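The questions below ask what lies behind the terms used for a structure. Each answer sets a value against its definition.

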Amino acid sequence: MTCDGVEHLVDAYVDGELDSERALAVDAHVAGCAACAARLERTRALARTMKTAPYFRAPEALAQRVRATTAAASATGRPRQPDATRRRQSRWWLWLIPVASAAVVLLAVGGLVSRRAAPDEVTMEAVIDGHVRSLMAEHLTDVISSDRHTVKPWFAGRIDFSPTVADLGSEGFPLIGGRLDYIDHHAAAALIYKRRGHVINVFVWPASGGVPTHATRSDGRGYHVVYWTNDGVAIWVVSDLALDELDAFAQKLDAATSH
Amino acid sequence: MSDESLLSYLDAAHNLARWLMGNPADAEDVVQEAYLRALAGAQRRRDGDERAWLLSIVRNACYSSHRRQRVRRAEDFDETRHSDPGATPSPEQLALEGETSRRVQSAVERLALEFREVVVLREFEGLSYKEIADVVAVPIGTVMSRLSRARAQLQAALALDGGRP
């Protein structure tokens, strides 16, 4: 092995990540090379020094807070999104503790009846919130690409379903990228398209039944939603684009993703 | 998977978030958010290392938070760097290693995020290269090169190379 080889492998050697053949080769070279022996010693010295760094254990208050909110999320089935606009040092989450307690008590009492609005109504609000959040929080895309062969694999390992990503650039709806999002209590793939200056969010998650096939809705804030199910997948399209244009986009998307 | 098994990684989650966020308040908020995300995905998570899976969610939550807070962080980064009530080393460690510990912390905090995360996962959490690759979502070769470059920067910052350039 050469000095360059040792330089390349010294970190992996110290970390115990080398197979025995290459580790022995490093040993053999270092035994006869003062420069590489010094290099190895410096790397080991750094590893020892790093062990003096502080380890930030979770404070007990955080453990209680996480317990409380995960209990609340389990009880209601709807994890809360932390408020992105809160101020530093704020303790907005404190109110979640009584909420969690109340939720647990309600469950314990039993006979808890769902007070949610119709599922599609709730989901529509969540989808619009997700759309607005994506525009406000500088978090439109996790992966920026107009290439569906880049966007689709990006989701692998992040979610356990594979969203069909269509290229509608030739139809005037260029793909911008993708994002991981949480809509209602679903992990959702968000695909972002544009039409002129308008952003279109397409939220995709495995359908769990009860979602009507192809419906179009508007809310009072100027957002339009088109949603349908296709082959066990719920697809929700949301934008401030004019409703007829959004519906045209939805039909092209449905056509491009149906086989 | 139970919530309790996820909670057993709370220290690791908090440690990673604290290093990546740079201050206690943001770290706690990010851990909170990550656990909610983890819970939402818990039924459908991929098979494999649960700790690496959770840490990848924490890591992604940190990046999301950084994106949201980019402007604000630029304003008060210096203020947060030097206020640190989170670490709790033993009195003996403080006496023997206090100065070194502070210098190491400062050097790690000055690393770019992409270098800092591989250092934290390797040196403080003891993850294998494969696990780090999973958490950071890059190939193992990228983990190795980032770790190598990060260590070169740390050695320079800590002057462990005997003062040579």
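Q: Which strands of chain A does helix α8 (residues 243–257) lie across, and at what angle does the helix run to β6(A)?
A: Helix α8 of chain A lies across β3, β4, β5, β6 and β7 of chain A and runs at about 20° to β6(A). Helices are DSSP runs of H or I with at least four residues, strands are runs of E with at least two, and both are numbered from the N terminus. Axes are lines fitted to C-alpha atoms, for helices over the stretch in contact, and angles run from 0 to 180 degrees between N-to-C directions. Contact between two residues requires C-beta atoms, placed from the backbone, within 7 Å.

Q: What kind of model is this, and how are its residues and chains labelled?
A: The model is predicted: local features need pLDDT of at least 70, side-chain atom pairs count only at pLDDT 80 or more, and totals for chains, interfaces and linings use all residues. Residues are numbered from 1 along each chain as its sequence is written, while chains are lettered from A and ligands numbered from 1 in the order in which they are written.

Q: Why is R196(A) called exposed?
A: A residue is exposed if 12 or fewer other C-beta atoms, placed from the backbone, lie within 10 Å of its own, buried if 20 or more do, and partly exposed in between. R196(A) has 8 such neighbours, so R196(A) counts as exposed.

Q: What makes β3(A) and β4(A) a pair?
A: Two strands pair if DSSP finds at least two bridges between them. β3(A) and β4(A) have 7 bridges, in the antiparallel sense; I192(A), for one, is bridged to N201(A) in β4(A). Their hairpin has 2 residues between the strands, and R196(A) takes a positive phi near 50° there.

Q: Why are β1 (143–144) and β5 (215–218) of chain A placed at the edges of the sheet?
A: The 7 strands form an open antiparallel sheet in the order β1-β2-β3-β4-β7-β6-β5 (chain A). β1 and β5 of chain A each have a single partner strand, so one side of each is left without a neighbour in the sheet.
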